[in-house]
Amino acid sequence: MDNLLLTVEIDILILLLVASFAAIALKRLQFPYTIGLVIVGLLLGWLSLNVEALEVLQTLSLSHDLILFVFVPPLIFESALGLDSRLLLRNLKPILLLAAPGLLISTAVVGGILSWGTPLSLSQALLFGSLISATDPVAVIALFKELGAPKQLAILVEGESLFNDATAIVVFTIILAYPSSGSGFEIATLTQGITQFLASFIGGVLVGGAVGYFARYLMAAVKENVLILAMVTTVLTYGVFLLAEETVEVSGVIAVVSAGLVAGWYKSNRLQPESQEYLSEFWEYSAFLANSLIFLLVGLTISESPLFEQVSQTVSLLATLSLTIVAILLARALVVFGLIPLLNLINTAQIERRYQLVSFWGGLRGAVCLALALSLEADFPNRDLIVVLTLGVVLFTLLVPGTTVGRLIRMLKLDRPALIDQWGQVIAQVIVKRNALKQIELIKGFQPQFQRVIDGFEQHYQQELTDAEQALLEFRKQLDQSHENLQSLILLTALAVEQKSYRTLYGQGLIPESVLDQFSARIALLQDAVLGRDFSFERPQFIPLENRWSRYLQSLVKQIAPNNTWLLHQQSRLAVARYEYWAILVRVSDMVSSKLRAFGEQDGASFMEVIQSCLELYAQERAEAEKEIGKIVTKFPESVISHQIKVSSRIARTFQNEAVEELASEGAISAAVAAQLIQPVFSK
């Protein structure tokens, strides 16, 4: 075809159609999707070379710009958007250790071995070592989600990939620049390289954080319109990458990670659940689309490369590729099993041996490696060999570790859910079966002719209830053997209920966003403490949203003019803020206590003992809150009454908005009329 745009469009449609059929087939075969696409891409490439009707597919091929500027930003942003920022911070030391020093060690090991046993010179081997050391665990992360692998393991593997992509790009650029200048790797060169890396990394963090923070205001302005919200985040993703790479000349990858973390925090803490779900699904689809195309194109590119021809024609390339794979596995082993145990000696949050094994074997290579290899100029010495070796390593890691890491996870028993999730499963099974039996009891007598069928269902669910109660009993016995696990479980359950209660009150108009943020931060600190085996449950003291200068000014005014109107207003505002805080704690304490008592309906001395101790903590906090409320009401009665009127107005507007939305959903009124009737809950 003469029209290149039309040809590319046809190519993309064919690839998407193939990806759709492949997804269905691979799901039935229970084969990893992304790895299966590489195999399908290899087959498509062979067909495009041998079937005239499919020659059109030869138009598309992977290039540096296509990977880096089109595919990489959405993949990185989707990962960063869904990352638990607290869990990331808790594991930041091992992640940065693997992503920076670890990548440098891997570069040196791979470069040293290949410069000795292959045609590559030392500088060329180091260049290859830098690009091939960037991990790309897309397939592994998808498998983690399917198997329910621990969150710490997922954050370790995914976090390393996000950060070492940027490290690899910077190191690759430095090595590419200096050998060609003939200056060699002297102390000045090394110092300049480290400075350049730090500037690129820190600059990426600052650019991404600043743009992400600005984007929060846009997201806040359109948070009720999920389509515009998706558009804003799309502009944010590509815009911050281009700004960082092309204008500021810092790491675009780190900028996207930083912006994604900021946007992810806003999504989790400020958006309604429906908007959160839509935004997550939108970016999950975007990443799925990028993954589908990139892995199909990987297969196409490999099939069209001279890799197979050269392997069939000469044993030397096969030997070189084998040595490269051995070097990469050795370097990965030295990094994971060498650095992490050293960190465990000084770090309180230990990374166990099972996680290290999965991190070692799950270090796949993919998009960034290919982008860097393909970015080399055509006249670069041994460019073809570097590209072929990169393709060979990518293919090996996808087809060997990529298809077997699931078995390793199962063998290491890492597919079992976390303790609190196991608790939720067994409790849910009991509740569900009991509800099913209640429903069966209700329909008895309605259809006498089907009584025998109903009795059969009743016996079936009764047996399932018995099994579920037995599973609960066995789970409780396991917990009884570890008091720490039991205590951790109860406290985390209480905190989860407390967090949900705050969200519920926010949805009812009882908590403004600023106060919700305070409570969310408080819960996060407590959860971190419990996960670190600190069961003191000491809550952070309430600090009103007031800066230090304002407090100094109030103190100064109080000395000069105790009855100043401005001072009285500030004192009243602060009293209302404290009253709101303590009143919410009273309400939430009741909600949590009620839920905990429901959890403790089953017998068990040690089980009830821990629940009772947790109930006492909430009762103590409730009593303290009521005491503080009494003081505030006595001193500022008019301010409290005014606040109660505002809260009542919020609740009224919330229920009115819900009624309007229900009428709109039933078709009684149009969406335009509903939009006019909806009132801001927190209007003045």
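Predicted model: local features only at pLDDT ≥ 70, side-chain atom pairs only at ≥ 80, totals over all residues.
We can begin with the helix pair. Helix H3, which covers residues 64-82, and helix H11, which covers residues 226-248, have axes that come within 10 Å and cross at roughly 120°. Because of that angle, H3 is described as oblique to H11, and the crossing in which H3 passes H11 is right-handed. On the H3 side, the residues that take part in the meeting are Leu-68, Phe-69, Val-70, Pro-73, Pro-74 and Phe-77, while H11 contributes Thr-233, Leu-236, Thr-237, Tyr-238, Phe-241, Leu-242 and Glu-246. Sorted by class, this contact of H3 with H11 is made up of ten nonpolar residues, two polar ones and one charged one.

Staying with helix H3, we come to Ser-79, which lies in that helix. Ser-79 counts as buried because its relative accessibility is 15%, and the cut-off for buried is under 20%. Leaving aside residues up to four places away in sequence, Ser-79 touches Glu-158 and Leu-162, and its side chain is joined to that of Glu-158 by a polar contact of 2.9 Å. Ser-79 and Gly-260 are 181 residues apart along the chain, yet their C-alpha atoms are separated by 8.0 Å.

Not counting residues up to four places away in sequence, Ser-200 touches Val-170, Val-250 and Ser-251.

Conventions
Residues numbered from 1 in each chain as written. Heavy atoms only, no water. Contact = heavy atoms within 4.5 Å. Axes fitted to C-alpha atoms, helices over the stretch in contact; angles between N-to-C directions. Helix = DSSP H or I, 4+ residues; strand = E, 2+ residues; numbered from the N terminus. Parallel < 35°, antiparallel > 145°, perpendicular 65-115°, else oblique. Left-handed = near helix turned anticlockwise from the far one by under 90°. Nonpolar A, V, L, I, M, F, W, Y, C, P; charged D, E, K, R; others polar. Buried < 20%, exposed > 50% of the residue type's maximum accessible area, 1.4 Å probe, protein only. Polar contact = N/O pair within 3.5 Å; in protein donor to acceptor, adjacent residues only side chain to side chain.
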